[in-house]
Amino acid sequence: MGACANNMCFCANMKNGIIKAHAWAEREKILPRLIAVKYLEYMQKPETVKYMSSSWSLTCSCVGGRLYKRGKENTKNPWLLSHPGEINLNPPNSFFWSKSRDGKNYAVKGVIVTFTGIEACGLEKFVSGKLCHGRFFDPAKILTPKFLELAGTASRMGESGYWDASAIFHEIIASLHKSRPRNDDCFELFPPERQGRHSSLFKKVDSYFKANINKPIRRNDIARHLGMSLSAFAHDYQRECGTPPMKRLTELRMKLVQDLLLKDNNLEKIALDTGYCDAFHLSKSFKKIHGISPKEFKTKFLC
């Protein structure tokens, strides 16, 4: 668990696992500053093992099930059960003990990030006096991919990847600051709350839909208009708005179709004005969504 030597890249395929690590050259004026990142994946024997880090560290466990505790050399802190996605914030010069909960070998898989400048990022407020460390639960696995991305960047890019790794590290810090306290001296991370129709992305996409509603529209067209990749656009829209963008387009088109039908417009013209290739395809979509044909809709509401 100790920090790696400065400016060192290390990768080892052990008999029962893998360790990959990189430690960057010192940058004195940068705070908070990354020192090293280590990725661990191996099988641990059941007996108790003890580690100590001389620096502040963040650890992310990809698997759970082992028992651990942290504290000073002679601590009487209780053993805690680790959970998948659990993140620990550990003060310097504190000890870490780990053991099996059932007397069998257990899997270790996770990332250790050592850093300095805790005061600059304000994380010390999360350290519990009772537990002697900060403990975060991440049931939605919000940060696990970020820790793995950080470890991959460090291993792949080495010294030249410091700024890329640092950017990911700062994203992790920002996410930890959004965690909410629980009633057990721990904190929990939650997915971003959906903003729905108050989302700025929703408003931008709606504006594009309304301006081009009489034209064929593909997701690629919207993403290009917004200057986003297709995958980023689709992911962000679904997350913020809770629905796929093309479902929203259909909703807007159907509302316009209903308005034009109530004005007794010709169905072929309505199809052209709302982005459908012809009256047949418009009628088919209308009946699928509303359960009645456009003609039946007109009869029902105009008579």
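Tyrosine 68 stands opposite leucine 80, a residue of strand 7, in a model that is predicted. Strand 6, which covers residues 67–71, is joined to strand 7 by two bridges, and the two run antiparallel. Both belong to an open sheet of four strands with antiparallel pairing, whose order is 4-9-6-7. Its edge strands are strand 4 (49–53) and strand 7 (80–81), each of which pairs on one side only.

Strand 10 takes part in other pairings. Eight of the 11 residues of strand 10 (residues 106–116) are buried, so this strand is largely enclosed by the rest of the structure. It runs antiparallel to strand 3 (residues 33–44), to which 11 bridges join it, and it also runs antiparallel to strand 5, with six bridges between the two. The table gives one bridge pair for each of these partners.

| Residue | Bridge partner in strand 10 |
|---|---|
| alanine 36 | threonine 114 |
| tryptophan 56 | phenylalanine 115 |

By residue class, the lining of the second largest cavity divides into seven nonpolar residues, six polar residues and one charged residue.

Definitions and conventions. Residues are numbered from 1 along each chain as its sequence is written. This is a predicted model: local features need pLDDT of at least 70, side-chain atom pairs count only at pLDDT 80 or more; totals for chains, interfaces and linings use all residues. Side-chain values use heavy atoms; hydrogens and water are left out. Two strands pair if DSSP finds at least two bridges between them. Ala, Val, Leu, Ile, Met, Phe, Trp, Tyr, Cys and Pro count as nonpolar, Asp, Glu, Lys and Arg as charged, and the others, Gly among them, as polar. Buried means under 20% relative accessible area, exposed over 50%, partly exposed in between (1.4 Å probe, protein chains only).
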